[in-house]
Each structure stands twice: as C-alpha cells, then as structure tokens.
Amino acid sequence: MNVVLTYNLKKKDATKPADYFSEFDSEETVNAIASALKSRGHTIDCVDVERKDIISYFRNNRIDMVFNIAEGTRGRFRESEIPAILDYLNIPYTGSGTFSLAVALNKALTKKILRAENIPTPLFQLFIKGNEKLNADLKFPLIVKPNYEGSAKGINSSNVVHDPAELYKKAQEIIGLYNQGVLIEEFIEGKELTVGILENGIPAILPILEIDFSSCTKSGEYFYSWRMKEYQGDSEQGLTPTFHCPARLDKETEKLVKDTALRTHRAIGCQDMSRTDIRLNKDNVPYVLEINPLPGLNPKESNFPLMVNAAGIKYDEMIEAVLMSAYQRRKLRHG
Ligand SMILES: Nc1ncnc2c1ncn2[C@@H]1O[C@H](COP(=O)(O)OP(=O)(O)O)[C@@H](O)[C@H]1O
Ligand SMILES: [Mg+2]
C-alpha cells in the first residue's frame, strides 16, 4: 500500500509555553511507525501536517491509506482537522473518525455520553466563566482540569482543590492560561488504570496497565500530572511511577474494568485503537476519566505500546493491525 503517515512534530521553541508541544509526536515515534510499515512492504511518506501545502499534497499524490496520528493545532476540534480534510477528499485513514475525535477531545461531552450509557464517570460540572455556582452535589476534594486538553496539560498537584477558594483560584488560572472551559470533577482516590483496545477484525482488549505513584514522594505528585508524563523516569525529580501490566486486580474486577473500557470505546464510536483512563475507587468501581482515540505510540515511553507488548504483540504487528483494521473498514464501506 502507499501509506502516508500524518503527524504534528514536537519542536523546540522557547517562545511557546513549556507544555505547548506535549501532545505532539517525537521523531522517534514517527520513525518507529514508518519503519514498522516499511518492514511490512508498504511505501511510506512521512508528512508533518503543518506544511503549508497539505491539502494539495493530499490531492496530488496516490494514497491508499493515511496513517493518522496528527493531534492538530487549532482549538477544540483540532484532532479532527486532518480526518475532516480526508473525509472531504474521500481518502481513507486509520483510527477514529472526525466525529469521535471531536467528542473525545471534549471531556465534559464525553462524560455526558458515558452517563447516558450508565458507565461510571466522576461527578462533574463545566465552568465557562469561572465564577459559576458550584453544584451542591459535588464533594471536595475536586480536581480542576482544562476541558479540551490531553497529556495532562495544565494539571499538577495544585489542581486537586479542597475548598471553594482554591477551586475558584484554579478555575480562573486555567481559563487565563488555556482560554477554554474548565472541568470540575470529584477526585477519585484509588488505583490508576489505563486500558488499551486494539482492533484487528474484532476489538482485542489489551492487558490492563496499572500505574502506581506511591514511590513518587520526592515530586509530591501522586497521579498522572503533566510533569509526571513529560519527565517520566526522572528519579531526581521523583517522577518514577511503577508500571504493572497486567494490573494487580482480582479476576472479577479485571473483567469489569475491561468491559467498562470496551463500552466506552463503543459509546464514543472509536475505531482501530483507543486508550481509556480509569480510576478504581475503594469499592472497586471503575470510574472512566476520559478516552484517548489517539494514544501515544512512542515505542519506549508510551502506555499503549507497553500494553501491546504485554499482550505478546510486537510493535510492528500492532501498527500493521491498525492499518489492516482501517483497510477492512474501507473495503466494507465501499463494497
Ligand atoms: N477525577 C479524577 N480523580 C482522580 N485522578 C484524576 C481525575 N481526573 C484526572 N486525574 C488524574 O490526572 C490525570 C490526567 O487526567 P485526564 O483526565 O486523563 O487528562 P489528560 O487528557 O490530560 O490525560 C489522570 O491520569 C489522573 O492521574
Ligand atoms: Mg488521560
């Protein structure tokens, strides 16, 4: 197949905020996907979607499939930018479609859908102005997050708030920095889990990954904060979570968590792959925090490849499975 790999590349630019490029992909990730595709005999062209002539590039080349990992740059529909262009040009692409990518980037909207499907998600409220009256049913401690970000952008230990004064201060700060709605959510104490789904004909639920922050005393951050993700493994700063894959769960809880992730994947209409972030409370209720239709694919650092590896699937096989899953869909759609 003639495959085009589309991405936004991480760059160095001191004029941008420290977390500006956090969502974007490294050369290491791009090269790993490209070499996986090459090893399967595909012809591959790597395209940073920030190039000015992106639309004419798509128009003027023979493309069988776009392998899309582009996070996009423009606002609340950014992950849908490239899929929307490809839909318009009738070029098939891997991964979730325009609509699911837009929904999943909106955490509050995703949670409304989960609630309608009876999938547990922490109680929440969306602040737009930052001075709204707090719903009486929300119980402190709460966590305050930008509604349209990923990679834990704007999230650190001070986002867990214990009283209204802390809450309003943090909400205003996020609105100022990120210029978007703020999600206020009950903070779920308990195990941090993430569940990968890889479709290859049928959706395979990968072994659950448990991320244990109990040894991160030096950083004082006991959840997946921005610093924890950005500098993961830095022992000087105490950013060294312990990964358990499969997670340390009894059989019944494991089944419940996997089932919850699959229902989430289906409720949001995800395709080919996804990663659902979950917190398990003390009564073993899996609360879904969000779903990531474009999970990080860094072969050394990202959670998704770690789970793929634990399933006994090689990185190259996973990339080929995603490609083939998308290809099958195209054949089905076009008869
Ligand atoms: N309601 C919550 N209860 C407990 N921890 C949370 C909650 N919301 C977020 N977190 C912590 O913050 C991390 C990032 O939040 P998440 O909603 O997954 O945003 P992102 O899209 O930036 O990954 C989570 O992995 C978890 O460690
Ligand atoms: Mg997350």
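Helices (H or I, at least four residues) and strands (E, at least two) are DSSP runs, numbered from the N terminus. The model is predicted, so that local features need pLDDT of at least 70 and side-chain atom pairs count only at pLDDT 80 or more, while totals for chains, interfaces and linings use all residues. Residues are numbered from 1 along each chain as its sequence is written, and chains are lettered from A and ligands numbered from 1 in the order in which they are written.

**Exercise 1. The ligand and the domains**

Task: State which domains the protein has and explain why ligand 1 lies between two of them.

Solution. 
Step 1. The domain assignment gives domain 1 (2-104), domain 2 (123-186) and domain 3 (191-313); such bounds come from an automatic or database domain assignment.
Step 2. The shell of ligand 1 holds 20 residues, of which Gly150, Ala152, Ile188, Phe223 and Tyr224 come nearest. A residue is near a molecule or strand if its C-beta atom, placed from the backbone, lies within 6 Å of it.
Step 3. At least two shell residues come from each of strand S5 (142-146), strand S7 (182-186), strand S12 (273-280) and strand S13 (286-292).
Step 4. Because domain 2 and domain 3 both give residues to this shell, ligand 1 lies between them.
Step 5. Sorted by class, the shell has nine nonpolar, two polar and nine charged residues. Here Ala, Val, Leu, Ile, Met, Phe, Trp, Tyr, Cys and Pro count as nonpolar, Asp, Glu, Lys and Arg as charged, and the others, Gly among them, as polar.

**Exercise 2. Strand S12 and its partners**

Task: Determine how many residues of S12 are buried and which strands are joined to S12.

Solution. 
Step 1. A residue is buried if 20 or more other C-beta atoms lie within 10 Å of its own, exposed if 12 or fewer, and partly exposed in between, with C-beta atoms placed from the backbone. By this rule eight of the eight residues of S12 are buried.
Step 2. In a regular strand the side chains alternate between the two faces of the sheet.
Step 3. On one side of S12 stand Met273, Arg275, Asp277 and Arg279, and on the other Ser274, Thr276, Ile278 and Leu280; both faces are covered.
Step 4. Two strands pair if DSSP finds at least two bridges between them. Strand S8 (191-200) runs antiparallel to S12 and is joined to it by eight bridges; Thr194 stands opposite Asp277.
Step 5. S12 and S13 are also antiparallel, with six bridges, and Ile278 has Val288 as its bridge partner in S13.
Step 6. Five residues lie between the strands of this hairpin, where Asn284 takes a positive phi near 65°.

**Exercise 3. Domain 1 against domain 3**

Task: Describe the contact between domain 1 and domain 3.

Solution. 
Step 1. The C-alpha centres of the two domains lie 23 Å apart.
Step 2. On the domain 1 side, helix H1 (27-39) and helix H4 each supply at least two residues, and H4 gives the largest share, five residues.
Step 3. This side has seven nonpolar, eight polar and four charged residues.

**Exercise 4. The sheet containing S7**

Task: Give the order of the four strands in the open sheet and name its edge strands.

Solution. 
Step 1. The order is S4-S7-S5-S6, with antiparallel pairing.
Step 2. Strand S4 (124-127) and strand S6 (160-161) are the edges, each pairing on one side only.
Step 3. Four bridges join S4 to S7, and Phe124 has Glu185 as its bridge partner in S7.

Note on methods:
Contact = placed C-beta atoms within 7 Å.
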